Amino acid sequence: MIQSRDSGQTAAPAARDTTRERILTAAMEEFARHGIAGARVDRIAKLARTSKERVYAYFRSKDALYADVSAREYVVIAEATQLDPRDLPGYAGRLFDYFVARPEHHRLIAWGRLELPGTTAVADDPTQAVIARKIDQLREVQQAGQLDRAWDPADVLALVNQIAMTWASQPEFSEAAATLAVDPTTAARRAAVVTAVEQLFPRAR
């Protein structure tokens with residue numbers, strides 16, 4: 001609480017402006033459902049209970065809004081899945097679980113890759129910061145002799161992420177596996193992901 005100098009009474013703290021957060025939440029839903037080109041700022045504004053003009057007051061363009069939403073999502077994913085460079089199979093399993101529970105989050109990222117493939121990262125891009133930190137972690141365990149040094153850590157990270165998102169990025173195969181796989185369960189798909197990463201990059205002993 002804040003003390004007022006004039007009255008000596010305790011004043012309530014200033015209310016936090018949640019409009020920006022509502023816009024970002026609404027934008028994530030809109031982009032995940034419709035992509036970048038198909039998303040409409042008026043729908044985002046309506047869902048966020050604000051005006052279209054207010055959206056543009058916070059974000060100069062629809063692409064800038066998408067960039068902010070997707071960058072935040074990369075940070076959220078990193079915090080939720082926590083890379084352990086000594087246990088890459090476990091990390092792959094956590095990524096698999098994350099996108100099984102939140103398929104719309106994968107769609108959000110996929111739209112950006114499809115529609116903004118030539119976007120140049122800025123120096124303070126949180127997405128690149130997350131990736132760089134993970135690569136540094138992998139390099140450290142290589143130097144400690146706990147991960148094969150023959151691999152470039154950038155390749156390790158890309159391969160593990162791709163394996164972990166195999167089913168999220170190929171829903172048609174998930175649908176086929178549900179009826180054609182010997183074991184059609186999600187647990188079996190997860191086990192395959194973890195085993196594949198384990199064979200490439202065994203857990204440190």
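Trainee: Which residues of α11 are buried?

Mentor: An α-helix has 3.6 residues a turn, so residues three or four places apart point the same way. The buried residues here are Ala188, Arg189, Val193, Val194, Val197 and Glu198. Buried means under 20% relative accessible area, exposed over 50%, partly exposed in between (1.4 Å probe, protein chains only). This is a predicted model: local features need pLDDT of at least 70, side-chain atom pairs count only at pLDDT 80 or more, and totals for chains, interfaces and linings use all residues. Residues are numbered from 1 along each chain as its sequence is written, and side-chain values use heavy atoms, leaving out hydrogens and water.

Trainee: What do the buried residues of α11 pack against?

Mentor: They pack against α5 (88–101), α8 (153–164), α9 (166–169) and α10 (171–180). Helices are DSSP runs (H or I, at least four residues), numbered from the N terminus. Contact means heavy atoms within 4.5 Å.

Trainee: How many aromatic pairs does the structure hold?

Mentor: A pair of aromatic rings is described by the distance of the centres and the angle of the planes. The structure holds four. Rings of Phe, Tyr and Trp (its six-membered ring) pair if their centres lie within 6.5 Å; planes under 30 degrees apart count as stacked, over 60 as edge-to-face and the rest as tilted. Phenylalanine 31 and tyrosine 66 have ring centres 5.3 Å apart and planes at 90°, so they are edge-to-face.

Trainee: Where do phenylalanine 31 and tyrosine 66 lie?

Mentor: Phenylalanine 31 is in helix α1 (residues 19–38) and tyrosine 66 in helix α4 (residues 62–81), so the pair ties together parts 35 residues apart in sequence.

Terms used. Helix = DSSP H or I, 4+ residues; strand = E, 2+ residues; numbered from the N terminus.
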